[in-house]
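Visitor: I would like to understand the terms behind a structural description. Could you walk me through them with the structure in view?

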Amino acid sequence: MTDFSDDARLHGLWQGGDAALAPLPLDEIKRRAARFGDIVRRRNRREYIAAAIVLAGFSLYAIILPGALLKIGSLLVIAGVLVVVWQLARRTSRPDPDAEAADVRAFYRARLVREEHMLARVGLWYLAPLLPGLLTFMAGEAILLGRTDALGLTLFLVLPLLLFAGIWLLNHRAAAMLRARIDRIDRAATPGDSE
């Protein structure tokens, strides 16, 4: 015997999925473009503030902490943060009022594509410059605390790697969400393709 309640539930899911994949109307694109610009500005402000705090902290560490590894690690972290800040300023999307006025849809799509590329490559420009300094610093800490056994060194070195893996995964997830938005805009631009 067929259970029609399951058919109704599947029908509802199908309808919900169809609505999620429907092309965006232009007013919705304008609203999302403005909101996306605010999100990018706030994110960049947080990143620059965090970079300033890290620079100040590791500058102090480079001066006061004992041991060559801690000092070298601190200097490498400072260099890595400077590279990250430069890359963030270079790679992030910036509003262009002239382009926005000319074609909101193309403007919004271009910003999404730029952010998607930036997030998808976060391992290269964000994590890789910080990794040598952080690992050197953590190795220096392990030696300073007398944890030079295999377990101690592993714990000190694995923790930053796990943190970086989490950052990498979160950014790749965000890039996938942006790709979905780009696809919706593309479908809206060519409505015949969505059927």
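Visitor: How many helices and how many strands make up the secondary structure of the chain?

Guide: The chain has eight helices and zero strands. Helices (H or I, at least four residues) and strands (E, at least two) are DSSP runs, numbered from the N terminus. The model is predicted, so local features need pLDDT of at least 70 and side-chain atom pairs count only at pLDDT 80 or more, while totals for chains, interfaces and linings use all residues. Residues are numbered from 1 along each chain as its sequence is written, and side-chain values use heavy atoms, with hydrogens and water left out.

Visitor: Why are phenylalanine 58 and tyrosine 61 separated by about one helical turn?

Guide: Because they are three residues apart in helix H2 (residues 26-64).

Visitor: Is phenylalanine 58 buried or exposed, and what does tyrosine 61 count as?

Guide: Buried means under 20% relative accessible area, exposed over 50%, partly exposed in between (1.4 Å probe, protein chains only). Phenylalanine 58 has 14% relative accessibility, so it is buried. Tyrosine 61 has 34%, so it counts as partly exposed.

Visitor: Which other aromatic pair includes phenylalanine 58?

Guide: Phenylalanine 58 also pairs edge-to-face with phenylalanine 137, at 5.1 Å centre to centre and 70° between the planes. This pair links distant parts of the chain, since phenylalanine 137 belongs to helix H7 (residues 131-144), 79 residues apart from phenylalanine 58 in H2. Both phenylalanines are buried, and Phe58, Tyr61 and Phe137 form one aromatic cluster.

Visitor: How do you know that arginine 90 lies over the face of tryptophan 86?

Guide: A charge sits over a ring if NZ of Lys or CZ of Arg is within 6 Å of the ring centre and within 35 degrees of the ring normal. Arginine 90 is placed over the face of tryptophan 86, at 5.6 Å from the ring centre.

Visitor: Which residues touch the most other members of the largest nonpolar core?

Guide: They are Phe36, Tyr108, Leu112, Trp125, Tyr126 and Phe137, in a core of 33 residues. H2, helix H3 (68-91), helix H5 (104-120), H6, H7 and helix H8 (150-189) each supply at least two residues of this core. A nonpolar core is a set of buried Ala, Val, Leu, Ile, Met, Phe, Trp, Tyr and Cys residues joined through side-chain atoms within 4.5 Å.

Visitor: What is proline 129 in contact with?

Guide: Contact means heavy atoms within 4.5 Å. Leaving aside neighbours within four places in sequence, proline 129 is in contact with Leu76, Gly80, Val83, Val84 and Leu124. Proline 129 lies in the loop between helix H6 (122-127) and H7, and its C-alpha atom is separated by 7.0 Å from that of valine 84, 45 residues apart along the chain.

Visitor: How far does H3 reach from its first C-alpha to its last?

Guide: H3 has 24 residues and reaches 34 Å, close to the 34 Å expected at 1.5 Å a residue. The expected span is 1.5 Å times one less than the number of residues. Among the buried residues of H3 are Leu70, Val84 and Arg91, and what covers the buried residues includes H2, H5, H6 and H7.

Methods:
Phe/Tyr/Trp six-rings, centres within 6.5 Å; stacked < 30°, edge-to-face > 60°.
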